[in-house]
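Please open the structure in your viewer and keep the selection tool at hand. The stops below are to be taken in order.

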Amino acid sequence: MMSIIRNKETTRTDFVFYADRIIRILIEEGLNHLPVVEKTIITPTGKEYEGGVEFQGRICGVSIMRAGESMEQGLRDVCRSVRIGKILIQRDEETALPKLYYAKFPPDIATRYCLLLDPMLATGGSAIKAIEVLISHGVPEEKILFVNLLCCPEGIAAFVKVYPRVKIVTAEIDGCLNERKYIIPGLGDFGCRYYGTDK
Amino acid sequence: MKSKLVHHVIAAEGRPPWYRSDGQNCDCYIVGIAGGSASGKTSVAQRIIKNLNVPWVVLLSMDSFYKDLTPEEVEIAHRNDWDFDSPNSYDYDLLLETVTKLKQGKTVDVPIYDFETHKRVPNKHHTVYGANVIIFEGIFGLYDPKVLAMMDLKVFVDTDVDICLARRIKRDVAERGFDVAGVLKLYQRFVKPSYDTYVYPTKRNADVVIPRGLENLVAIDLLTKHIQRQLQERKMQSRWDMARISAPEELPSNVIVLEHTKQIMGMHTIIRDIHTSRHDFIFYADRLATLVIERALNELPYETRIVTTPTAKTVEGLGLKPRVGGVSILRAGGTMEIGLRRVIRDAVIGKILIQTDPSNGEPQLHYCKLPPTLCDDNTFIFLMDAVVGTGAAGLMAIRVLLDHEVPEDRIIFLSFLAGPQGLHAISSAFPKVKIVTSFIDPVLNTDTLYLEPGLGNFGDRYFGTENE
């Protein structure tokens with residue numbers, strides 16, 4: 001599947017379909033890292049089934065606009081009516097640093113496990129900013145999972161240095177960043193390919 | 001060599017309406033700055049921007065409008081024998097076109113000039129959109145009469161020529177790999193004669209002359225105050241009091257309301273019910289969105305298509321002629337994307353984030369990413385929002401599309417629910433935009449700006465961000 005979405009010849013229809021499939025798998029894996037409690041249930045045969053589990057605590061998705069929104073469909077496929085917060089982060093042209101433009105969260109976000117959605121971890125700048133915003137809204141660092149499709153070592157290093165307790169769930173780790181801060185070999189601009197806004 | 005600020009819209013906050021309530025753009029404010037080479041034009045421009053402290057200011061440099069050189073001319077240029085300081089080195093037609101469009105509030109592509117090859121970088125440019133103020137600077141900034149005519153304020157930076165020369169030597173030796181003799185040769189041959197013959201005389205076109213450039217803080221301060229005052233005066237008394245305007249009972253003719261079948265009534269009953277759970281809300285919202293999209297598709301042109309069936313007979317059918325692109329007004333309009341995708345699998349989707357400023361109820365543009373194919377001759381745009389209340393966000397989004405050269409008659413504005421005020425506001429500003437909605441609610445609450453009976457805050461219910 002990663003070969004399909006990395007291929008520059010892939011049509012948009014296929015790109016969206018396989019990206020959604022990968023994202024579903026990533027979300028499923030992310031959910032495995034949330035705590036569960038044992039739960040005994042009674043089956044329709046009237047017998048007890050021991051060893052059942054139930055998720056403890058509630059979750060919420062947080063997508064970094066615009067590319068992170070492309071992962072919402074995959075999240076909804078797995079967690080039907082999940083609450084979804086949104087963050088818009090853009091690079092400040094004056095300082096070249098990521099800057100928060102917009103954030104909208106469920107009011108009780110501090111009590112939830114957060115799945116932070118952004119398809120690519122390149123320099124880590126916007127992800128670090130997003131975590132900072134979540135923490136300022138009262139979400140503990142260890143209750144955040146960062147879900148993405150593709151990472152590079154530079155981004156992981158920068159991210160882990162600031163937030164060592166945030167777990168990262170990813171599909172693949174690539175070689176490096178190029179001088180334009182694209183992941184190499186990478187897959188191009190995920191948001192543009194998903195929404196069809198590339199030229 | 002120039003600052004990173006060049007050509008970038010500085011958008012520290014949302015952009016308030018830049019058009020009147022009839023949907024027409026107000027001209028943006030243009031400041032022209034001229035002066036000799038190394039006189040400190042860019043620094044003055046940047047200081048003005050910093051002092052102005054208003055968002056959505058663009059710094060446009062005349063360097064972007066150098067003409068492409070032919071291979072022979074490039075060779076001359078590499079020998080440092082080419083006269084870049086001649087007024088003929090610039091493409092005034094392109095400059096005029098760019099400044100005119102910016103003045104009208106349209107999106108423009110500013111070329112990127114490569115000083116190595118002395119050509120514009122092919123297929124690359126800076127797209128500039130959404131400037132309330134443009135600061136245009138260059139040695140011939142006050143030279144072309146047509147460009148001059150568009151400026152609201154003309155400034156000449158009159159720095160002592162010795163200081164300019166000293167700066168130029170320092171800069172060219174440090175940054176451009178010249179030696180002092182080379183700089184002086186160019187200066188004597190081209191820079192100085194051009195300054196005396198062409199640049200300095202443009203001083204008489206200026207409204208304000210700033211002696212000593214950036215050092216002259218008093219002059220820059222006075223200038224900034226003047227610009228601020230002028231901006232304040234022309235600040236549109238837009239008064240987004242649309243809620244208080246009583247709308248005629250009859251709907252505008254460009255509004256299409258879905259037929260109220262039992263299905264539609266049933267779905268509306270569910271999504272309006274305060275007790276509906278979120279997963280039901282999302283499920284039925286997606287289903288309803290799909291029907292709104294299907295209805296809107298009937299408004300597009302179709303062409304005859306003849307197909308052969310497996311019985312080997314032919315059938316005269318229809319095929320959709322244009323392509324369809326979606327643009328969602330975030331956050332709530334994003335809820336229609338799933339419906340759009342169900343019907344047009346690979347629809348290209350652009351996004352516009354508009355939020356209401358809580359202090360005055362005005363809409364503000366925060367973010368806009370539109371695909372380049374949106375303005376194709378063969379593309380219709382489905383502009384999506386959940387609920388049309390005052391119509392302010394829809395009006396702004398349509399204005400953004402028009403500023404990006406999308407023809408008005410190729411925009412179809414879709415929503416789940418709309419009120420008469422918003423529909424009248426939009427269709428009186430943009431009568432050629434078709435509006436498709438699944439339901440009309442009569443009352444717009446002037447305090448909450450929610451439609452009544454309505455369905456509450458659609459985005460909050462869909463994304464689960466409402467207060468319990």
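Begin by selecting L414(B): apart from its neighbours within four places in sequence, it is in contact with V292(B), I293(B), A296(B), M336(B), F382(B), L383(B), M384(B) and V436(B). Here two residues are in contact if their C-beta atoms, placed from the backbone, lie within 7 Å. The model is predicted: local features need pLDDT of at least 70 and side-chain atom pairs count only at pLDDT 80 or more, while totals for chains, interfaces and linings use all residues. Residues are numbered from 1 along each chain as its sequence is written, and chains are lettered from A and ligands numbered from 1 in the order in which they are written.

Next, select L116(A), L383(B) and I398(B); together with L414(B), they have the most contacts inside the largest nonpolar core, which has 118 residues. Such a core is a set of buried Ala, Val, Leu, Ile, Met, Phe, Trp, Tyr and Cys residues joined through C-beta atoms within 7 Å, where buried means that 20 or more other C-beta atoms lie within 10 Å of a residue's own. Nine residues of this core come from helix α11 of chain B (residues 392-403), which gives the most to it. A second, separate core has 49 residues, including I30(B), V99(B), V128(B) and F156(B).

Now colour chain B by domain, with bounds from an automatic or database assignment: domain 1 covers 29-234 and domain 2 covers 242-463. The C-alpha centres of these two domains of chain B lie 44 Å apart.

Note on methods
A residue is buried if 20 or more other C-beta atoms lie within 10 Å of its own, exposed if 12 or fewer, and partly exposed in between; C-beta atoms are placed from the backbone. Helices (H or I, at least four residues) and strands (E, at least two) are DSSP runs, numbered from the N terminus.
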